[in-house]
Amino acid sequence: MGSIAYVVEDFQGVLQVYSDGSTLRSATLPFHVPVHDDGSAVWKDCVFDKHNHLHLRIYKPAVSDAAAKLPILYYFHGGGFCVGSRTWPNCHNCCLRLASELRAVVVAPDFRLAPEHRLPAALDDAWSSLKWLQGQALSEKREEWLSEGVDLERVFVVGDSSGGNMAHHLAVQLGAGSPELEPVRVRGYVLMAPFFGGSVRTGSEEGPSETLLNLEILDRFWRLSIPEGGTKDHPLANPFGPESPNLEPLKLDPILVVVGGNELLKDRAKDYAKKMKEMKKNIGYVEFDGKEHGFFTNDPYSEAGNALLQLIQRFIS
């Protein structure tokens, strides 16, 4: 008779990994977030990858100016590549606010999660979701909300935490002008506290834990998501690791990096922006003093959330 499987990894009950490799997932957040839907934006779900049973959620302003085409914002949620969904209330609130405040169509794809699907699965799905948009652009039977009144040549990628990591890799994969997506044109990337790693601790990582995040959680996410046998210097974790590609010769579209001043990931985000700037990339870096990880996603209607929306508005204008 075989032994009974026991829990070897537990992320606040949301994700439990057992000794036999099986997993148990909860559909709810480990903390309460009420949905804030004031009717200023509407939304619906679509399938973009039938093979992997992946959906995306499309948002648009409830009322829009028929004479002005809306830009498209792709939003990739956070969760350390291991948890999260377009359906989680914090992600949903964030996208509702982005759509209504920025007067944009927001597309929020789900992607396969680790440890069942380690990297690069999430990145493959992010790419697939953008190819879906290209397919819509080329189709005679385009998704209704993308058929008119949207500007397929003004697409921006916004990524939160691990989604910010994904945004970086999409920027590198697509390059300046995103020629592989024609007639879709990505114009820029917003990386909100991008989840990057490295074998050497940074000063902010060695600092005090945050309210909802600590080093144990960060290490667990990397342990569960990095390809088998890899380390936190893997190219998918560390853009400047010993085996990472040289980014200097690449031409990239503009990038905006945003991070909270009290985030464990602050130094990695700051170092990323500094090194990219040294490579002559068009990159901006903004630090929100005193803010912790997820300050926008978890409270998009806060004063800091309003300031971030203004920042993104200027970036996409």
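Reply: A193 sits in the loop between β9 (186-192) and α4 (215-225). Keep in mind that this is a predicted model. A193 is a residue other than glycine, yet its phi is positive, near 45°. With a relative accessibility of 3%, A193 counts as buried. F81 is another case: not a glycine, but with a positive phi of about 65°. You'll find F81 in the loop between β6 (70-76) and α1, and F81 is buried too, at a relative accessible area of 2%. These are worth a look because most residues other than glycine have a negative phi, and most peptide bonds are trans.

The bond from L119 to P120 is cis, with omega near 15°.

Helix α2 (residues 121-138) and helix α3 (residues 162-174) have axes that come within 10 Å and cross at roughly 60°, which makes α2 oblique to α3. The crossing is right-handed. From α2, the residues A122, L123, A126, W127 and L130 meet M166, H169, L170, Q173 and L174 of α3. Sorted by class, that contact of α2 with α3 has eight nonpolar residues, two polar and no charged.

Now for α1. The axes of helix α1 (residues 89-102) and helix α6 (residues 303-316) come within 11 Å, crossing at roughly 55°, so α1 is oblique to α6. Here, too, α1 passes α6 in a right-handed crossing. R97, L98, E101 and L102 of α1 make the contact with N306, L309, I312 and Q313 of α6. The contact of α1 with α6 splits into four nonpolar, two polar and two charged residues.

Last, the cysteines. The disulfide count comes to zero. C91 is in no disulfide, since its nearest cysteine sulfur, that of C95, is 4.3 Å away and a disulfide needs the sulfur atoms within 2.5 Å. C94 is in no disulfide either: for C94 the nearest cysteine sulfur is again that of C95, 5.2 Å away.

How values were computed
Residues are numbered from 1 along each chain as its sequence is written. This is a predicted model: local features need pLDDT of at least 70, side-chain atom pairs count only at pLDDT 80 or more; totals for chains, interfaces and linings use all residues. Side-chain values use heavy atoms; hydrogens and water are left out. Axes are lines fitted to C-alpha atoms, for helices over the stretch in contact, and angles run from 0 to 180 degrees between N-to-C directions. Helices (H or I, at least four residues) and strands (E, at least two) are DSSP runs, numbered from the N terminus. Angles under 35 degrees count as roughly parallel, over 145 as roughly antiparallel, 65 to 115 as roughly perpendicular and the rest as oblique. A crossing is left-handed if the near helix is turned anticlockwise from the far one by less than a right angle, and right-handed if clockwise. Contact means heavy atoms within 4.5 Å. Ala, Val, Leu, Ile, Met, Phe, Trp, Tyr, Cys and Pro count as nonpolar, Asp, Glu, Lys and Arg as charged, and the others, Gly among them, as polar. Buried means under 20% relative accessible area, exposed over 50%, partly exposed in between (1.4 Å probe, protein chains only).
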